[in-house]
Amino acid sequence: MAKSRVQFICQNCGSAHQRWAGKCDACGEWNTLVEEGTAGGIGSGPANTRNARKGRAVVLTSLSGDIEDAPRIVSGIGELDRATGGGFVRGSALLVGGDPGIGKSTLLTQAAAALAAKGHRIVYVSGEEAVAQIRLRAQRLGVADTPVELAAETNVEDILATIADGKRPDLVILDSIQTLWTDMADSAPGTVTQVRAAAQAMIRYAKSTGAAIVLVGHVTKEGQIAGPRVVEHMVDAVLYFEGEGGHHYRILRTVKNRFGPTDEIGVFEMSDKGLREVANPSELFLGERHAKSPGAAVFAGMEGTRPVLVEIQALVAPSSLGTPRRAVVGWDGARLSMVLAVLEAHCGVRFGTHDVYLNVAGGYRISEPAADLAVAAALVSSLTGLALPADCVYFGEISLSGSVRPVAHAQQRLKEAEKLGFGSAVLPLGSEELVGGNGAGGIGANAFQPTELADLVARIAGSRRSRADEEE
């Protein structure tokens, strides 16, 4: 009989330690090592060396050859299919994470109902809710009549035996992976060992049968999916469901996808009837603009292949503190400090005695550096008290030397802006094939392309002189 041995597993990164310590040497987190028992026959050792079977040769092939597209199951929910790259891939495992109450179960219930209505066999297994609770949600969403098969179970072996009975399911939804446990691991549900073993068993089933598996994961206070990071490496795609509590929209963001792009987003709006698709998110983020307010600039950004227009708001106010405040919501605070430094060093704009507040309207979060130019324009507009043109969009990256660098997808940004009624743009010089009207229309012909950030500051300051001349 194999002798059991004790290991201490880090609940943050999943690394194994021979003895307990207050701090994990792998990830640096404190008080995350938990004692777990493992069988002595599992792992490395002389016994395994004696009992190991002889390996068999596999067929080697070349890089060239026929390529087949991955077979997909299209849900019919456009934003979900966009985020997954065109639908659920058969035989793949998908991990969906998000804050509690953000709408993960609601979205998956709607997707399950849409696929079941098309004739697919869908199995929804919940480890956190009873069947009656899922039925109440289905009634609220108006999909109670769809043939989705429900179960409330947490044991992996029982789940596999259940779904193996009858026709092979096309999609299996497990809510959530932290509640599952398997007889192969001797530890409590939710621990690193159980999460890894349960995920491995379900992924093995997906690869062997061709069924698509969707795993729901909890999120830590840092915003990452709870449990060992190895689970994110085991699955084929990882999606994060994001949203602010004070806003009614939700964003499904792809961070990993072996069968599609990794920078796509799907936008939904939460309502009493569930999640509604938002086909044009730019209108959502620009819905409450005040055109004559200083300190507001419209940024033309990109999320994967989709252009998104969002308003950036800046407030520069005199400070009574020795160290002025710098507050940022929806953008990188370090990048704001860089833009402020460039404005002071190369443009002569002083913020040393002012508090600076920056906000991205609608709770949206911007990650690309192309927002530098829009942020700089909003800051200068708030400091001078001059409102920027209401029909102008801004995008471009600012270097530490004060120059404005080109960014990708300039023409797509301009097309989206023109579609929403914008007539001019401020963008870097040398952006790909845009000026003149080939696809960009009138907005490309009215574009201002500064080579230095000082040119944009001078243009904004010049609007004050032109207004004064008009008043005289």
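The buried residues of helix 4 (buried: under 20% relative accessible area, 1.4 Å probe, protein chains only) are covered by elements that include helix 3 (104-117), strand 7 (122-126), strand 8 (149-152) and strand 14 (274-277). Cover here rests on contact, meaning heavy atoms within 4.5 Å. The model is predicted: local features need pLDDT of at least 70, side-chain atom pairs count only at pLDDT 80 or more, and totals for chains, interfaces and linings use all residues. Residues are numbered from 1 along each chain as its sequence is written, and side-chain values use heavy atoms, with hydrogens and water left out. Helices (H or I, at least four residues) and strands (E, at least two) are DSSP runs, numbered from the N terminus.

Helix 4 spans residues 131-141, and its buried residues are Ile-134, Arg-137, Ala-138 and Leu-141. Seen down the helix axis, they fall within an arc of 100 degrees, so they line one face of helix 4. The arc is taken from the directions from the axis to the C-beta atoms. The face turned away carries Arg-135, Leu-136 and Gln-139, which are exposed (over 50%). Gly-142 follows helix 4, with a positive phi near 75 degrees.

Nine strands form an open sheet in the order 8-7-9-10-6-11-12-13-14, with mixed pairing. Strands 8 and 14 stand at the edges with a single partner strand each, so one side of each lacks a neighbour in the sheet. Pairing requires at least two DSSP bridges between two strands. The twist averages 25 degrees from one strand to the next. Axes are lines fitted to C-alpha atoms, for helices over the stretch in contact, and angles run from 0 to 180 degrees between N-to-C directions.

Strand 9 (residues 171-175) and strand 10 (residues 212-217) run parallel, joined by five bridges. Ile-173 stands opposite Val-214 in strand 10. Helix 6 (residues 192-209) lies across strand 6 (93-98), strand 9 and strand 10, at about 160 degrees to strand 10.
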